[in-house]
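Keep the model open beside you, try each task, and then compare your steps with the solution.

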Amino acid sequence: MFDFKYYTPTKVIFGKNTESRVAELIREFGGTKVLIHYGSGSVMRSGLLQRVTDTLDAAGIGYVTLGGAVPNPHLGLVYEGIELCKKENVDFLLAVGGGSALDSAKAIGYGVANGGDVWDFYDYKRTAEGCLPLGVILTIAATGSEMSDSSVITKEEGLVKRGYSSDYGRCKFAIMNPELTMTLPDYQTACGCTDIMMHTMERYFTNGGNMEITDAIAEGLLRTVKKNALILKDNPKDYDARAEVMWAGSLSHNGLTGCGNDGGDWMTHKLEHELGGLYDVAHGAGLAAIWGSWARYVYKDCLPRFKKFALNVMGVADQGSDEEIALRGIEAMEDFYRSINMPTNLRELGVEPTEEELVLMAKKCAIGVGGEKGSAKVLDEKAMLAIYRASM
Ligand code: NZQ
Ligand code: ZN
């Protein structure tokens, strides 16, 4: 077991109609002029944005709005948001939507609070010394950004997708009403469930640390999301299943399922980020498309964990050698992806990179992680390329 820091300052307001409390929460955290930041229009179609502005109007809280955060949110809109906040003297950011709107809001917050070029943080050139306070009304269970310290932004020039993590970027509050996720397309629900599971799996497949309590929480979370993803596939309006998945999304990326380990593996995420940057694929689907190839490449170097996963999460029979059990666990995970209509390779994801593009992604990925990375197995550029090739 390793030493660890566990910091979750976000106030979570969870349940039906909780969005009606947004004005009260903004006030509690000192907001007097708000930037409401959202995506490409789902919050307008659902009427949520109107309800939020009505609530702020009634409470006498001033606001400006900025929509247009796309999946794999763009740096250009972040710059726009920074200028708008400065011009309008905004002192609080409210994201209404998913991880993309929220990550974009976090980047805007860093830009306003620190000055200079906000991309510097994502380019590892300097670290933030603050962020505008922010809150979120979450409409998709997926990234866990509502309780995480990270923000992922894509720079259009060069299609570079990078994450930046800082405790300053943690939300002051997260309003989570599972009912708001019921308008999601089935594909996005499945992408979200995949991402949620991956945030715990990245922390689970390690060669360092590990605590019994953390493993028990992680395995329970994975089984719960797996079960409820299947329920939602047949019944997307099941409130309890929506709620289970939504809360799992937060717990999966707020650090809880990594306490005591070596920090996690994270290579599936890093490999996916290159796909997301280059092809604009949905993050969860990209993860599913890569994971099997990653797992087969690394499992022998992390056999006890792959066996444990196979037995305790995927429920495979305890028969045969450790390697056979581990491989059956990987196959069972891929079967699960297929059962919720997630891809298990790049072709199913809908992209067909050329050899040159695979080489480029591996190169960018290696640069992004500073040469090599991984805990289940440390991967260098050559290994990254091998995994991309295997995922074709
Ligand atoms: O843009 P709108 O119109 O809102 O539509 C969105 C978008 O098309 C739609 N949607 C969201 N809520 C909806 C809805 N449609 C109908 N009804 C609703 N209730 O769903 C689509 C996906 O939304 P998005 O915000 O892009 O999804 P997600 O939350 O999965 O965010 C993905 C981004 O977060 C990054 C990913 O890389 C990707 O850029 N990540 C952020 C992390 C973090 N900050 O901690 C960690 C993750 O590993 C991840 O990398
Ligand atoms: Zn993720």
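**Exercise 1: a hairpin**

In the hairpin of β6 and β7, with 4 residues between the strands, G158 adopts a positive phi near 85°. This is a predicted model, in which local features need pLDDT of at least 70, side-chain atom pairs count only at pLDDT 80 or more, and totals for chains, interfaces and linings use all residues. Residues are numbered from 1 along each chain as its sequence is written, chains are lettered from A and ligands numbered from 1 in the order in which they are written, and side-chain values use heavy atoms, with hydrogens and water left out.

Solution. 
- Start with the elements: helices (H or I, at least four residues) and strands (E, at least two) are DSSP runs, numbered from the N terminus.
- Strands pair if DSSP finds at least two bridges between them; here 6 bridges join β6 (residues 150-155) to β7 (residues 160-165).
- The two strands run antiparallel, and R162 is the residue opposite I153.

**Exercise 2: the zinc site**

Task: Which protein donors does the zinc ion (ligand 2) have, and how are they spaced in sequence?

Solution. 
- Take as donors N, O and S atoms within 2.8 Å of the metal (3.2 Å for Na, K and Ca); water is not among the atoms, so sites may look incomplete.
- This gives D195 (OD), H199 (NE2), H269 (NE2) and H283 (NE2), at 2.0 to 2.2 Å from the zinc ion.
- Their spacing reads D-x3-H-x69-H-x13-H.
- D195 sits in helix α7 (residues 186-204) and H283 in helix α11 (residues 283-298), so this pair ties together parts 88 residues apart in sequence.
- D195 and H283 are both buried, meaning under 20% relative accessible area, with exposed over 50% and partly exposed in between (1.4 Å probe, protein chains only).

**Exercise 3: the whole protein**

Task: Into which domains is the protein divided, and how many residues of each are in contact with the other?

Solution. 
- An automatic or database domain assignment supplies the bounds: domain 1 is 11-180 and domain 2 is 185-390.
- Their C-alpha centres are 26 Å apart.
- Counting contact as heavy atoms within 4.5 Å, 27 residues of domain 1 touch 28 residues of domain 2.
- For the overall picture, the protein has 16 helices and 8 strands, and 57% of its 392 residues count as buried.
- The C-alpha trace spans about 65 × 40 × 40 Å along its principal axes.
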